[in-house]
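Dear colleague,

Please find below the structure that I am handing over to you. My findings are set out after it.

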Amino acid sequence: MSIKSDVDASRIELLEALRNKKEKTWDVLAPQYGVTNPNPPWKTSLAAMCDCLADSGKLPSLDRRNAEDKLAESVYRDVPAPERQLLALVHIMLNRGLVDESDLAARMRAVRSRLESA
Amino acid sequence: MSHSHKPGESGADLPHAAPTVEEITDFEVLEIAVRELAIEHGLFTAEDHRRFTEWTESIGPAAGSRLVAKAWTDPAFKARVLDDAVKACKEIGIDWAEPTGFGTPSDYMNLRVLEDTPTLHHVIVCTLCSCYPRPLLGMSPEWYRTTNYRRRLVRWPRQVLAEFGLIIPPEVEVRVEDSNQKCRFMVMPMRPEGTDSWTEEQLAEIVTRDCMIGVALPRPGRTADVHPVHKARHPVQE
């Protein structure tokens, strides 16, 4: 079965920084805090985002899954499941121009600042 | 009384499991950031996202378990399930039209329930992507979405089932049903021996998610799907 997707599997600088944070993936972090939930708190929101993008026609499910498969076997093959799905979705969205990399980097800084101030 | 957990503490030594980790990871930040930008760019609305999140959190395999248990104890209901499963689902409170009125973009409102017999065992897969009867079974397990399972099940079904610990005798036909963009499938396993006097609630407890995918069989005493993780004998050396 060959994976048919036009997603560009070139590495994306912003996401590379996260890909390399293996000590911060949920499977590593959760046991350190005695957390037994197998999924990180953002997993449901991620699933809903995929449904929303499909529902609005901006990113059909089949396109996304094919691109996820291609990225999961290449760029993000060494990343655990929920983080890999998140990185792949963002990779696809950047690839399709649905969001901009510099905008995303700036928003990540703003979100972190907001969360840490709470 | 609140208490905190620090990295390095053993979860087994603590009175309660912590609800979540006490640090903000870049992955959490990334999910929030991309969602906020998507909403600002008009890709979807915050209300859409809330609605799908609520729906995602409401689904799980318990609905499928109830459906099978009811079918085992009510022949007329079983006939309705096999005739029009989406319609029969409404009798146990599952409406495939939720949450939009037209279902979700990933769950086509066309379900077929596959009945196992003494000479026929079904197992489902989606070779194309990861189609799955989410309104009845919830989110698919990670292994169901792997290319490993999707590629190999259709070629070597007995071997793959054996890897789940399920040995199907040679005289029993194994039928792999490939989900697609137009149809969802779910397995109705055979009711096991030793359950004659059981209530629907008792029966539902042994109809686990894996039984409805077809990689396990229900039996008294088995009420959870557990997949041990085997460590690699020869791990990749960094």
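This is a predicted model: local features need pLDDT of at least 70, side-chain atom pairs count only at pLDDT 80 or more; totals for chains, interfaces and linings use all residues.

**Chain B as a whole**

Chain B contains 11 helices and four strands. Of its 238 residues, 37% are buried. Among the contacts in chain B with a separation of 6 or more, 68% are between residues 24 or more positions apart. The domain assignment divides the chain into domain 1, covering 25-58, and domain 2, covering 61-213. Between the C-alpha centres of these two domains of chain B there is a distance of 30 Å.

**The contact between chains A and B**

Chain A contributes 49 residues to the contact, and chain B contributes 47 residues. On the chain B side, the elements that give two or more residues are helix H1 (26-40), helix H2 (46-58) and helix H8 (147-155). H1(B) gives the most to this side, namely 13 residues. By class, the side of chain B that touches chain A comprises 20 nonpolar, 16 polar and 11 charged residues.

Helix H6 of chain A, residues 101-117, and H1(B) have axes that come within 9 Å and cross at roughly 120 degrees. The two helices, H6(A) and H1(B), are therefore oblique to each other. The crossing in which H6(A) passes H1(B) is right-handed. From H6(A), the residues that take part are Asp103(A), Leu104(A), Arg107(A), Met108(A), Val111(A) and Arg112(A); they meet Val29(B), Leu30(B), Ile32(B), Ala33(B), Val34(B), Glu36(B) and Leu37(B) in H1(B).

**A helix pair within chain B**

Which angle do H3(B) and H4(B) make where they pack? Helix H3 of chain B (residues 62-73) and helix H4 of chain B (residues 75-83) pack at about 125 degrees, and their axes are 5 Å apart. That angle makes H3(B) oblique to H4(B). Here the crossing of H3(B) past H4(B) is left-handed. Leu67(B), Lys70(B) and Ala71(B) of H3(B) meet Phe77(B), Lys78(B) and Val81(B) of H4(B). In terms of class, the contact of H3(B) with H4(B) has four nonpolar and two charged residues, and no polar residue.

**A cis peptide bond in chain B**

Most peptide bonds are trans. The bond that joins Glu98(B) and Pro99(B), however, is cis, with omega about 0 degrees. Pro99(B) is placed in the loop of chain B between helix H5 (85-89) and strand S1 (111-115).

**A residue of chain A**

Is Ile92(A) buried or exposed? Ile92(A) counts as buried because it has 22 C-beta neighbours inside 10 Å, the cut-off for a buried residue being 20 or more. This residue, Ile92(A), belongs to helix H5 of chain A, residues 81-95. Leaving aside residues up to four places away in sequence, Ile92(A) touches Val7(A), Leu59(A), Arg64(A) and Ala67(A). Asp27(A) is 65 residues from Ile92(A) in sequence, and their C-alpha atoms are 24 Å apart in space.

With kind regards

Terms used. Residues are numbered from 1 along each chain as its sequence is written. Chains are lettered from A and ligands numbered from 1 in the order in which they are written. Two residues are in contact if their C-beta atoms, placed from the backbone, lie within 7 Å. Ala, Val, Leu, Ile, Met, Phe, Trp, Tyr, Cys and Pro count as nonpolar, Asp, Glu, Lys and Arg as charged, and the others, Gly among them, as polar. Axes are lines fitted to C-alpha atoms, for helices over the stretch in contact, and angles run from 0 to 180 degrees between N-to-C directions. Angles under 35 degrees count as roughly parallel, over 145 as roughly antiparallel, 65 to 115 as roughly perpendicular and the rest as oblique. A crossing is left-handed if the near helix is turned anticlockwise from the far one by less than a right angle, and right-handed if clockwise. A residue is buried if 20 or more other C-beta atoms lie within 10 Å of its own, exposed if 12 or fewer, and partly exposed in between; C-beta atoms are placed from the backbone. Domain bounds come from an automatic or database domain assignment.
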